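Reader: I would like to go through the assignments in this model and hear what each one rests on. Please set each value against its cut-off.

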Amino acid sequence: MWAEAVTSFDPNAPDVILLSAHPLDSMEMAEHGLHLDKVTCHLFDKQEIDSEQNRRKNLVLYTSAGLAPTIEIFNSSYSQVFYFKMLLAEDQVTWSLKVPRQDIAHNTDVAPTEQWYVKFNMHHGLNMFTTQGTLLDIAREPILRWKLPNLVNISKLIPHVLKMKVTKSPCASDVAIIGLVFDEEVDDCSDLGLLDLVLTNTRLILLTTLGLFISEDLRYGNFHELKFHKPNLCGFEMDDYFRAKVWYNVQCLANQENYEVDYISLTFNKDRTLSQDKTLIRVYKLTNHKLNKRRKFPDFFFPDPKFEGLGMFFHPNSHFLYVYGNQVWLSDDGGNKFKLLINLVGETVAETDTCVYTQAIIFVTDTGSVFYTKAGYTGTSQPSTSNINIYIVSNLVFNTNPKNEGKQKNKQTLPSPREQLGVKRYAKLTSVEQTIFYMNFDHLGDLYRIILNETSKDFLAVRIMDVNTLLQEDDLAFDGALSPQYITEEQIMFFSHIPPGSVGPRFYNLYIGKALEYGMGGSGIINKVFEHNYPPYFSSSIVVDVLDRFPIEASTSSPCVLNTLTILQPDPGTTAFKLQLGASDTHIFLPSDIEKTVVIPGFSSFLITDVKDDLTALADATMPHRAPLNTAFKSRRWFLYDFGTTNGRKWRVVVDRCRYTIQQLDDLPVHVIKYLDLGSTLNFSFRVTPVNVAYQVFRMHLMEVIVGNPSLLVADAEDHWDDTDSYIMNLKVQSRFFEQGKTSIAVIVIQASLVCDVTTLILTLKNSCSYLKVMHYTLPVQLSASDWLSQLANASKQLKNLPVNYRPPSRLGIAVPLTENFYNVDPEQPRMRDYFQGSKTSGTYKQCANKTKRPQCGCTDNMKLSFFVAFSDCKEKAIRMKYPVLKLPLSFTVENEDGSVNLSSPYFVTITEVNNRTNWEVSAHYSFQAPVQNINSFLGIRWESKGSELFHFRVTAIPGVSFCNLFDEFQIYIDDAPLAFPGQSLISSITAVLIGVTIFGAFILEVYEIPAWSLLKKRLRKASKMISIISLTTSSSTSTETDEK
């Protein structure tokens, strides 16, 4: 599989593409591991032949410049960059790289796992020749572990398919299950037919004509035969299941917290009662896995009684709730308030799909129309002088009365700037002719259309949709006249004209954010839409921000512009104003001037509807109360614009190109998940740079920040413009209370076009312990892993090789170990110091339980390096220190995904000895009295001991200072200790007695003048003579025996 990038930021570089040569084909995934066996990249010029010679040329060119490709593998919570080798071998034409599995992931169990994103660059950080892909661990993805049977030929059944149902893995959008709904003519399973299906993180749910079927846990089983069970739902028959619906909130639980649970719900559609004329939304909270009867928000009644809601969904990892049917409504606060996004006529949304990477959303109607938007996408051009735009969603905000809302909308008043921020943008992408199809986003956000194909091997035909091209090719202009009305030099209102007695097209919300382009030059961005009944014959209007000025009519096509113009009031019973020219034979009205607009700066504009004669015309005013009656305007004080259809429509409405770029200055993924511990603070920075804008945007805010659940955190932001005319926003987030949960923060570029790669950044913040946050003991000496794992007896003087089957001493002495923990276990060897009954009845193996030899214990290098008591059987060495140990400094670090910091206040810790040894103590500054002993702050903590041999400590942070259960263990072996009591005392006492007896004996001999030395010398002489005689006799005997022989 080849991946390519066509973007180059080097203006001097050729049009070059970076390729990754078959990275997915060489990916080996098995039960024992995952690794990229060999990834190769090469460059080639699209204007040249992709030959080995050209590959070699580009390899030498960029390698000699010190550049080589990099591959970045990342997901929402992890990122790692791998560098290709910068080598120039003789026959080398590509860069190559091997990535072991342990460098990507350590776990191998079957569990929900995020699909990885892969990004290739020519040198990390330069963004040259960027190309993207995905990496899927099929060894861990639950549904992929099940071996499916052989393909069944369904070509004859395809004509009987009514619907195509697709469900994707919550963690991997490239993994999907397709289900087919057949008509009644297909009956092979005793009235059993599929209606809907949902794939959760661990189960497959099937809604059938005979009820709901739930699979066994996909993580376990024989992976050959998937079993389902059917819950007993009393009182429902087959007809009820035809109208039932399965609801599921898609969320990836790869790093599942205790408050995150997969829920599905089954609803049965019932007819509305006569008293319920509006669709409503009620939001409840789940408490302890049960539905809390207390509503979280007040009921929201959709103001339009014609709205029929068919479904709703949360955009993944956000609080954006979409409700769809014959309309689409959006709530950015999880269901408290809604705003209209799409109003459909004659069609209803039937299917939806989302992408968490690009934040794209599509709505597919029952007639084949496909509408496209971005998550929480907002558009406005209302200038704001405020410094910051953070909209906090509060549970205490009550929605207004729905009846009053409807009346307020009918007044057609201009929305306030805050209300205008809620106006949403979307576009009609395409219309699909097939009746049975499915639109699907892959993991990278590419949109595919899936249809059935009888001739293909898998009976499917998949076609990629070029979203950007489809967006920019769709012209939303209608055959009707527009009348421009200048508000300022940079803003124009365009009124859509409806001739008397007709119902013409009008503007609506779909036009917001689109570009109004004029064929002769001139363009602008539509940012507001109004519908109204006044002035007459103008049904709707739009506000356009001018990008390029629109041209006026020249005298060659409209000679009347060289004449003097006077506005006369309408005749009685009419609304059309009279346009009177001065006397002239050449500067007159022409029939081609019909549907052109007279623009007079500072006054109402007039759309010409009829030419009565050469000097008189009738026109409809855009602002009748601003008509300058009976005032003569000379030439060049009034102008003529042609936005009509008499001479052919010259204007069109299309999706604008991307004029704003957003950059996350912390280089985080667009769907990042970050953890907030108690008292911790996160800082984010964003930059929006305007590109190709024709008017000053200095005082216009360009970003909107929406906090989904403000009860969990406090968000503060500061914004400014830098010297490059870029808009900078710094966001500071801090946890609020001792409450676990998660929320989302959406950062939206409110002016960005739909074709921009990034318009919304959704940050998922969890008030909980990061799975990467741990506490580590800092060793007093620097030791490498090879020192710990070396089998040499004297590999390091700082390490002590523990005896086989060793147990530390107890309070009863070295020879009486009573702990349950063994170290350096070998089941073949006898238990050390197993002399007394207490020692014989205590102590159990853990890793080596029920094993007969040490190799059977399965001790890995990580277990041998670990200090945890759970792996004490494998522990072979410990830090060695000489007796006595006095005031040994203890230091710990806290590590997470952002780095490591020294453990200090407010973390207070408890220190315990796991083997119940007592001859040690700690001292520290800022210690305090508490019922629990040995509680200390890590500010100057010291440890000392007068004992010997192994000490094994466990240090634990007290509750209340962190969501994490922070703890670590360390071991110290005290060597060269004196003899234990009473050995030392006995030796000292005996020595003292012997010295005293010797002194006393010498004193007696001296007092009584006993010649002790003379007697001693005589005895020594006699002993010496006896030894000499015995030696001589022995020698003589030996000589005699020799002679005889």
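Reader: What makes Cys 769 and Cys 964 a disulfide?

Author: Their sulfur atoms are 1.9 Å apart, and a disulfide is a pair of cysteine sulfur atoms within 2.5 Å, so the pair qualifies. This is a predicted model: local features need pLDDT of at least 70, side-chain atom pairs count only at pLDDT 80 or more, and totals for chains, interfaces and linings use all residues. Residues are numbered from 1 along each chain as its sequence is written, and side-chain values use heavy atoms, with hydrogens and water left out.

Reader: Why is the disulfide of Cys 769 and Cys 964 called right-handed?

Author: The torsion about its S-S bond is about 105°, so the disulfide is right-handed. The two cysteines belong to distant parts of the chain, 195 residues apart. Cys 769 is in the loop between strand E53 (760–767) and strand E54 (774–777), and Cys 964 is in the loop between strand E64 (949–957) and strand E65 (967–975). Strands here are DSSP runs of at least two residues (E), helices are runs of at least four (H or I), and both are numbered from the N terminus.

Reader: How do you know whether Cys 964 is buried or exposed?

Author: Its relative accessible area is 8%. Buried means under 20%, exposed over 50%, and partly exposed in between (1.4 Å probe, protein chains only), so Cys 964 is buried.

Reader: How many disulfides are there, and how are the cysteines paired?

Author: A search of the whole structure finds 5. With the bonded cysteines of the protein numbered in sequence order, the pairing is 1-2, 3-4, 5-10, 6-7, 8-9.

Reader: What does the disulfide of Cys 171 and Cys 252 tie together?

Author: The S to S distance of this disulfide is 2.0 Å. Cys 171 lies in the loop between strand E9 (161–168) and strand E10 (176–182), and Cys 252 in the loop between strand E15 (244–248) and strand E16 (264–268), so the pair ties together parts that are 81 residues apart in sequence. Its S-S torsion is about 105°, so this disulfide is right-handed. Cys 171 has a relative accessible area of 6% and is buried, whereas Cys 252, at 24%, counts as partly exposed.

Reader: What can be said of Cys 848 and Cys 857?

Author: Their sulfur atoms are 2.0 Å apart, and they form a disulfide. The torsion about the S-S bond is about 120°, so it is right-handed. Cys 848 is buried at 0% relative accessibility, and Cys 857 is buried at 3%.

Reader: Why is strand E33 described as largely enclosed by the rest of the structure?

Author: In E33 (residues 482–486), 4 of the 5 residues are buried, so the strand is largely enclosed.

Reader: How do you know that E33 pairs with strand E34?

Author: Two strands pair if DSSP finds at least two bridges between them. E33 and E34 (residues 491–497) are joined by 5 bridges and run antiparallel, so they pair. A hairpin through 4 residues connects the two strands.

Reader: What makes E57 and E61 edge strands?

Author: The open sheet has 3 strands in the order E57-E63-E61, with antiparallel pairing. Strand E57 (885–889) and strand E61 (920–923) each have a single partner strand, so one side of each is left without a neighbour in the sheet. Between E61 and strand E63 (residues 942–945) there are 4 bridges, and Trp 920 has Ser 945 of E63 as its bridge partner.
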